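Q: Can we go through this one together, starting with the cavities and then the interfaces?

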Number of protein chains: 2
Amino acid sequence: MTLTGTLLIGARDVPAGTHFLAVNPATGEQMEPAFACATQADVDAACRLAQQAFDPYRALSFADRAAFLEKIALCLIEDTDAIVARAGLETALPEGRLKGEMGRTVGQLRLFATLVRQGEWSEPRIDPAMPQRTPMPRADLRQRHIGVGPVAVFGASNFPLAFSVAGGDTVSALAAGCPVVCRAHPAHPGTGELVGRAIRRAVAACGLPEGVFSLLGGSGHEVGGWLVQHPAIMAVGFTGSYAGGMAISALAAKRAVPIPVFAEMGSINPVYLCPQAFAARTDTLASAFVNSLTMGVGQFCTNPGIVIAPAGDVFEAFVRLAATAIAMRDAGTMLTGGICTAYGQGVSILSACDGVTLVGQGQEVARPNCARAALFRTTAADFMRDPAMRHEIFGPVSLLVSYSSEAELHALTESLEGQLTITLQMDDGDMAHARALLPIFERKAGRILVNAWPTGVEVCHAMVHGGPFPATTDARTTSVGTGAISRFLRPVCYQDLPDALLPPELAYDNPLGLSRLVDGTMQTR
Amino acid sequence: MTLTGTLLIGARDVPAGTHFLAVNPATGEQMEPAFACATQADVDAACRLAQQAFDPYRALSFADRAAFLEKIALCLIEDTDAIVARAGLETALPEGRLKGEMGRTVGQLRLFATLVRQGEWSEPRIDPAMPQRTPMPRADLRQRHIGVGPVAVFGASNFPLAFSVAGGDTVSALAAGCPVVCRAHPAHPGTGELVGRAIRRAVAACGLPEGVFSLLGGSGHEVGGWLVQHPAIMAVGFTGSYAGGMAISALAAKRAVPIPVFAEMGSINPVYLCPQAFAARTDTLASAFVNSLTMGVGQFCTNPGIVIAPAGDVFEAFVRLAATAIAMRDAGTMLTGGICTAYGQGVSILSACDGVTLVGQGQEVARPNCARAALFRTTAADFMRDPAMRHEIFGPVSLLVSYSSEAELHALTESLEGQLTITLQMDDGDMAHARALLPIFERKAGRILVNAWPTGVEVCHAMVHGGPFPATTDARTTSVGTGAISRFLRPVCYQDLPDALLPPELAYDNPLGLSRLVDGTMQTR
C-alpha cells in the first residue's frame with residue numbers, strides 16, 4: 001500500500017499546490033509523503049460529483065446499497081495491516097486498540113448493511129384512500145424517508161477508524177442514500193487516504209457513480225469551511241471540539257440555504273457515587289474510576305471528567321485511594337501536539353479555579369506530547385460558582401466534587417450542561433436516591449448508566465451517543481448505532497400516485513415485504 | 001363566554017399595562033375588549049411555570065396524557081359556537097369553513113390521543129445484555145424517546161383554530177410530553193383567548209400542573225423574541241412568513257443554548273400540467289385550477305402559485321380559459337390589513353418583472369382589505385432569470401409558466417427552491433414524462449400529488465406538511481400528521497438500569513404491551 005498524498009475526488013487522484021506532512025506524535029517527527037491541501041476548486045469538484053451521484057445512488061435497491069456497505073467492509077479487511085500500521089504511527093494508539101477499532105468499524109458497516117437491507121429505516125406509512133368519506137373523501141397518502149442529499153463528514157482525531165473516514169457518520173450517511181464528501185482529519189492523513197482508497201475500491205467494484213465518495217485533505221480550517229458552505233452539501237456530521245462544532249454550525253446557519261449540523265462535541269460525563277455503594281465499594285470504585293479515566297490517555301468523549309459524591313470520611317478515603325492509584329500511572333502519548341498543549345492549558349485553568357485543589361498526579365515522562373494524569377477536588381458550592389469547571393478538558397483529568405446535602409446535590413445536577421453520559425454507581429439501598437435524580441439526568445444526558453463506566457460506546461440499536469447542548473448541536477439524534485441514520489433522512493409524502501410511479505417500499509403489493517404503518521397500525525411482513 | 005383580554009399564565013389571569021385591540025378585517029373597525037401585551041416578566045413567569053411542569057407532566061402515564069388531549073377536544077366542542085363566532089369576526093373566514101376547521105382541530109387532538117395511548121411514538125428499543133460475548137460482554141441497552149422540554153408555539157394567521165393556539169404544533173408538543181407556551185396571534189386574539197381558556201379548563205380538570213399551558217399576547221415582535229430567547233424554552237413551532245420564521249431562527253441560534261426551530265414558511269407549490277393530460281383536459285384543468293387558487297382568498301400555504309405547462313396552442317387556450325374563469329371571481333376579504341397590503345405589493349413586484357404579463361384579474365370590490373385575484377404568464381427562460389418570481393405571494397395570484405423543451409423543463413425544476421408540495425396533472429400517456437421528473441420533485445418537496453390540487457392537507461399518519469428550505473427551516477419533519485410529534489422528542493439510552501428504575505415502556509415485562517425493537521427485530525405486542 002503506497003501512500004500518494006493526493007486528494008480522492010471521485011475516481012480521480014488529484015495532486016495539489018500546497019502540502020502538509022503528518023507528524024508522529026510519539027517522536028514529534030514529520031513523516032512522508034506530503035499530503036495535498038484541497039483548493040476551493042477541489043472542494044467544488046467533489047461536491048458537484050456528489051450532487052450528480054445523489055439520484056442514481058439513492059435509486060439503488062436496498063439490497064444493492066447494503067452490498068456496497070459490505071463491500072467497503074471487505075476492502076477494509078483486505079487492507080487492515082497497512083491501515084493499522086499507519087494509524088499507529090499517526091496517532092500513537094497501540095496496535096491492539098487499533099485492531100479492535102477496525103473490528104468495530106467493519107462491524108458497524110455490516111450492522112448498517114443489515115439495517116438497509118431490512119428496509120424499515122425508510123419508515124413506510126400508508127393511509128389508504130377513503131373515497132366514500134364525508135364530508136370530504138380522503139386521498140391515498142403514502143410516506144417514506146429518503147436521504148437529504150450529499151453529506152459532509154468531519155472525522156474525529158481520537159478514533160481514526162470508527163469515527164473517521166469510514167466511521168459512523170460516513171456509514172450512516174451512505175446507508176441513508178447520501179453521497180459523502182469527507183474532510184480527512186489532518187492528524188491522521190495517511191490513515192485517511194488508505195481508508196478512502198478502500199471505500200473507492202468498493203464504489204468501483206459495485207459500479208456506483210464515482211461521486212458517492214470523495215476525500216479532501218487540508219491542514220487548516222479553510223477546506224472545511226468551503227465544504228460546509230457548498231450549495232450541494234445538505235447536512236454535516238462532525239465529531240470534535242466545541243470550538244470546531246460551533247464554527248461549522250455558524251457557517252451552516254449563514255448559508256443561503258441553511259443546513260443541519262450534527263456535531264458531537266463531548267462532555268464531562270458526570271459519575272455519581274451514591275451513598276450506599278460509595279461506602280460499601282470505596283476501594284473498587286476508586287481503582288475502576290482511575291482505570292476508566294486513564295484508558296487511552298483519557299482521550300474519549302465519554303471520559304469521566306467529574307465524579308460527584310457525598311462529603312465526609314468516605315470521600316476523604318476515596319480521594320486518597322484514587323490519588324494513590326493515579327500516582328502509579330505512566331504518562332501516555334496524546335494524539336497530537338495541539339491536543340497535548342490544550343490539555344496542559346486546561347489543567348492549568350482548572351487548577352487556578354477558586355476552591356480547586358490538586359490531589360494526585362500520574363508519572364511525569366520526558367517523551368514528546370505526553371499527558372500526565374491529574375486529579376483535583378472541589379466542593380459542590382465552589383463548582384456551582386465557577387462555570388470554568390463545567391468545561392471539558394480532553395485528556396486524563398478529573399474533578400472530584402463533594403456535596404453536603406441532597407438539596408445541594410440536586411442543585412449541582414441542575415447546574416450541569418448537557419452531557420453525552422451520566423453514570424450512577426449504586427447499590428440496592430440507593431434506589432430512592434437514584435430515582436430522585438433520574439428525571440434530571442434524563443433532561444441532561446443522552447445515556448444513563450448504572451454500575452458501569454461511560455468509556456465504551458456499543459454500536460447497536462438502542463445506543464444514544466448524543467445529548468443536549470453543548471454535548472451535541474442536536475439532542476434529537478445519536479451519532480452511534482442504527483438510530484444515526486435518521487440524521488440524514490427526510491420524509492416525502494406521495495398523494496394519489498399511480499402504483500407504477502411509487503417506490504417499491506410504498507407499492508401496493510409490498511414487493512419488499514416490509515413492515516408498514518397502515519392507517520396507524522403496524523402491519524408486519 | 002366573556003372575553004377578558006388578559007394573559008393566561010398557568011392558572012392565573014394576568015392583566016397588563018399596555019393593550020391592543022383586535023380588528024374586524026371586513027369592516028376595518030376595532031373591536032372590544034382590549035388585549036394585554038405581555039411584558040418580559042410575564043414571559044418569564046410563563047416559561048418558569050412550563051419548566052416546573054415538565055417533569056411531572058412527562059411522568060404522566062400515556063393513558064393520562066391521552067385523556068388530557070381528549071379533554072381539550074371536549075372543552076373546545078363545548079365552546080364551539082362562541083369560538084367560531086369570534087373567529088369569524090376576527091378573520092373574515094366564513095362560518096362553514098371555521099366549523100370545518102374546528103372539526104379538524106378536534107379530530108387532530110383525538111388522533112394524537114390515540115397515538116399517545118398506543119405508545120409506539122416513544123420508539124422503545126432494547127438490546128439485551130450479552131454477558132458471554134467475547135472479547136467484551138455487551139451491557140443491557142434500552143432506548144426510548146422523551147419530550148425535549150417546554151415548547152414555544154407561534155400560531156398561523158390563516159388557520160385560527162387548526163394551526164393556532166390548540167393547533168398542530170401545540171397538540172404534537174403536548175403529545176410528546178412538552179408543556180406549551182403559546183404566543184397568541186395578534187390577528188385573532190379573542191379566538192386565541194377562548195381556545196386558551198378551553199385548554200386551561202382541561203389542564204385543571206385533569207389535575208395537571210398549571211404550567212402545562214400558558215398563552216401570551218402582544219401586538220409586536222417583542223413577546224415572541226423574549227419567548228424564543230427564554231432559557232426554559234427548548235424548541236419552537238412556528239407557522240407564518242419567511243421573514244418571521246427567519247427572525248425566530250436567528251434568535252434561537254444565537255442563544256447560549258441554541259434550540260431547534262420548526263418554522264413552516266410556505267412555498268409556491270408548483271403544478272405541472274403534463275402534455276397528454278394538458279391537451280385532453282384543458283378545460284377542466286383551467287376551472288379546477290382557478291377554484292384551487294381562489295379558495296379561501298388564496299390564503300393557504302399550499303396555494304398553487306405557479307403552473308408549469310408546455311408552450312403552444314394548448315397553453316394559449318388554457319390561459320384564455322383560466323383568465324375567463326378568474327374574471328368572474330369576486331374579491332374576498334383577507335385576514336388582516338397587513339396581509340392585504342403585502343399581497344398588493346407582491347402582485348406589483350411580480351407584474352414589474354421582465355417577461356411577466358398580466359392575463360386576467362378577478363372582480364374589484366371597494367370593501368376594506370379585499371384582494372383581487374390575478375393571473376400572470378411568463379416563460380421558463382424568463383422565470384429562471386429572475387429570482388423574484390420564485391417568492392411566495394400570499395393570496396390569490398398565480399404565474400403560468402410555459403416551457404419549450406423537456407430539457408428546459410428539467411432546468412426550470414432544478415431552479416426551484418424547496419416546496420411544501422409539487423403537483424402533477426397527468427394521464428397514462430404522461431408516465432415517462434412524470435417518471436423523469438419524480439426524482440427532482442423528491443429533492444424539492446415534502447409532498448408530491450397526482451391529479452389533485454395542493455390546497456387541503458389531510459391530518460393522518462402519512463402526511464408530510466414540510467419540505468426543503470425555504471418551505472421550512474427543517475426538512476426532516478412535518479408540521480401536520482402524527483409524524484409531527486417527532487419534532488419535540490429526543491432519545492435517551494439506559495444502560496444496565498435495574499428494572500425498578502426503568503420507565504414502563506422499557507421495563508422487562510413490557511407492562512404496556514408495546515411493540516419494541518429487540519436486537520433489531522420488531523417484537524409486536
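Cavities and interfaces

A: The second largest cavity has 16 lining residues, with Thr6(B), Phe35(B), Ala184(B), Pro189(B) and Gly217(B) nearest its centre. A cavity here is a set of points on a 1 Å grid over the protein atoms alone where a 1.4 Å probe fits but cannot get out, and lining residues have an atom within 4 Å of a point. This is a predicted model, where local features need pLDDT of at least 70 and side-chain atom pairs count only at pLDDT 80 or more, while totals for chains, interfaces and linings use all residues. Residues are numbered from 1 along each chain as its sequence is written, chains are lettered from A in the order in which they are written, and side-chain values use heavy atoms, with hydrogens and water left out.

Q: What volume does the second largest cavity have?
A: About 110 Å³, where a volume is the space filled by probe spheres set on the points, and grid points are joined across faces, edges and corners.

Q: Which elements supply at least two residues each of its lining?
A: In chain B, strand 1 (7-9), strand 4 (29-36), helix 6 (189-205) and strand 9 (213-216). Helices (H or I, at least four residues) and strands (E, at least two) are DSSP runs, numbered from the N terminus.

Q: And the largest cavity, what is its volume?
A: The largest cavity is about 150 Å³. Its lining has 18 residues, and Ile268(B), Gly305(B), His391(B), Ile393(B) and Val397(B) are nearest the centre. Strand 18 (residues 397-403) of chain B gives the largest share of that lining, three residues.

Q: How many cavities of 30 Å³ or more are there in the whole structure?
A: The search finds five.

Q: Switching to the chains: how many residues of each are in contact?
A: 67 of chain A with 68 of chain B, contact being heavy atoms within 4.5 Å. About 5500 Å² is buried between chain A and chain B, 57% of it on carbon and sulfur atoms. Buried area is the accessible area (1.4 Å probe) that two parts lose on being put together, summed over both.

Q: How many salt bridges across that interface?
A: Ten between chain A and chain B, a salt bridge being a side-chain nitrogen of Lys or Arg within 4 Å of a carboxyl oxygen of Asp or Glu. Asp474(B) and Arg476(A) form a salt bridge, at 3.4 Å, N to O.

Q: And how many between domain 1 and domain 2 of chain A?
A: Zero by the rule. Those two domains bury about 790 Å², 64% of it from carbon and sulfur atoms.

How values were computed: On a 1 Å grid over the protein atoms alone, a cavity is a set of points where a 1.4 Å probe fits but cannot get out, and a pocket is an open set with protein on both sides within 12 Å along at least five of seven lines; lining residues have an atom within 4 Å of a point.
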